[in-house]
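Here is a short briefing for a first look at this protein. Keep the sequence and the 3D view at hand while you read.

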Amino acid sequence: MNNMKLTEEQKKTFKSIILLDAMINNDRQFSTDVNSDDMLLAPLLKELMAQGYVIFTGGNYKVSSRGKEVLATFNKRYAEYLKIYDIYSFVDLDKGEFAFSSYFDFDSDQAWDDFKNEDRFEDLRITVALFKKMDPAEIVFMAFINENRFDTGINGWQKDLLGDAVWQEIEEIVDTAIKPEELGADAMEDMVNQGSAILRDLLQQEEARRRDEQNNQSYTEEIIVEETVEYYQPYYYDPYYVSPVWYLPLFLW
């Protein structure tokens, strides 16, 4: 029996993010043709319009400035997810080893994939999210986005988005994930600190490589590169730290 249940508000939020992203980043125009699968999305699009997140003009739904702000906030979270929480996706609990500590040791994507997919590594992204008192379902949702599980270019994606299967899968993943209490408070704190140190090392190596590749970059660009490490600095020193961007409401239903 599942213990974790997504609320209807959570599902609506995740579905709406997919629609806003499709309209903004993929220039998707949702049809009002009654014979189109897009009509399945009409109730959600109308609610988004009623709340001011989209407008209807020229026979199509378009994202309003308010809707763009929502997606911008979500994308800031998503960028942090890719930088921070993916580090915890491959952890050897017996050795206390993070696969990402060896990220730059491989010459090809295939070699890296073979290494990180070794059976000894556990996925602790949800574990860390729970430890930091974040929404674990949002972390899984972001993982699904990163895996292109919500491909709006395939036939029938609207039915999949509105169906139950993908949301039940998120619930199951959260339910079966390793919980912080299974590892213990001290172990969790040590692990998050170790992950933060790896994050700092990875960012510094990325920036060093970028400088090597862009020897002729301007002073302004160098400042932007420097700020990448500084942005994540609070994570290095506080295992409980969560950026304020995660506390901003996305939609006000």
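Is K133 buried or exposed? K133 is exposed, because its relative accessible area is 74% and the cut-off for exposed is over 50%. K133 sits in a loop, with α5 (125–131) on one side and α6 (136–146) on the other.

**Confidence**

- The mean pLDDT of the protein is 91.
- A score of at least 70 is reached by 94% of the residues.
- Strand β3 (residues 91–92) has the highest confidence, at 98.
- Helix α11 (residues 219–231) has the lowest, with a mean of 58.

**Overall build**

- The protein has 253 residues, and 43% of them are buried.
- Its elements are 12 helices and 4 strands.
- Along the principal axes, the C-alpha atoms fill a box of roughly 55 × 55 × 35 Å.
- Take the contacts with a separation of 6 or more: 73% of them join residues 24 or more positions apart.
- The accessible surface is about 13,900 Å². Carbon and sulfur atoms hold 46% of that surface.

**The largest pocket**

- This pocket holds about 490 Å³ of space.
- Its lining has 20 residues, and F100, Y103, F104, W112 and E206 are the closest to the pocket centre.
- Helix α10 supplies the largest share, 5 residues.
- By class, the lining splits into 10 nonpolar, 8 charged and 2 polar residues.

**The second largest pocket**

- The volume here is about 320 Å³.
- There are 18 lining residues, and those closest to the centre are T13, R77, D135, E138 and L250.
- Helix α1 (residues 8–25) gives the largest share of the lining, 4 residues.
- The lining has 10 nonpolar, 5 charged and 3 polar residues.

**The cavity**

- How many cavities of 30 Å³ or more are there? The count is 1.
- The largest cavity has a volume of about 40 Å³.
- Its lining consists of I84, I87, Y88, K132, G195, S196, L199 and Y235.
- Helix α10 gives the largest share of this lining, 3 residues. Helix α10 also gives the largest share of the lining of the largest pocket.

**Residues with a positive phi**

- Most residues other than glycine have a negative phi.
- K133 has a positive phi, near 60°.
- D27 also has a positive phi, near 50°.
- Where is D27 found? D27 is in the loop between α1 and α2 (42–50).
- D27 is exposed, because its relative accessible area of 59% is over the 50% cut-off.

- E8 belongs to helix α1.
- E8 has a relative accessible area of 58%, so it counts as exposed.
- E8 and D21 are 13 residues apart in sequence. Their C-alpha atoms are 20 Å apart in space.

- How far apart are D238 and V192 in sequence and in space? They are 46 residues apart in sequence. From C-alpha to C-alpha, the distance is 8.9 Å.

**Points to find in the 3D view**

- Start with K133, in the loop between α5 and α6.
- Go on to D27, in the loop between α1 and α2.
- For the largest pocket, look for residues including F100 and W112.
- For the second largest pocket, look for residues including T13 and R77.
- For the cavity, look for lining residues including I84 and Y235.
- Bear in mind that helix α11 has the lowest confidence in this predicted model.

Note on methods:
Residues numbered from 1 in each chain as written. Predicted model: local features only at pLDDT ≥ 70, side-chain atom pairs only at ≥ 80, totals over all residues. Heavy atoms only, no water. 1 Å grid on protein atoms, 1.4 Å probe; cavity = no way out; pocket = protein on both sides within 12 Å on 5 of 7 lines; lining within 4 Å. Points joined across faces, edges and corners; volume = space filled by probe spheres on them. Helix = DSSP H or I, 4+ residues; strand = E, 2+ residues; numbered from the N terminus. Nonpolar A, V, L, I, M, F, W, Y, C, P; charged D, E, K, R; others polar. Buried < 20%, exposed > 50% of the residue type's maximum accessible area, 1.4 Å probe, protein only. pLDDT = per-residue confidence, 0-100. Contact = heavy atoms within 4.5 Å. Areas by Shrake-Rupley, 256 points an atom, 1.4 Å probe, with all protein chains shown as cover.
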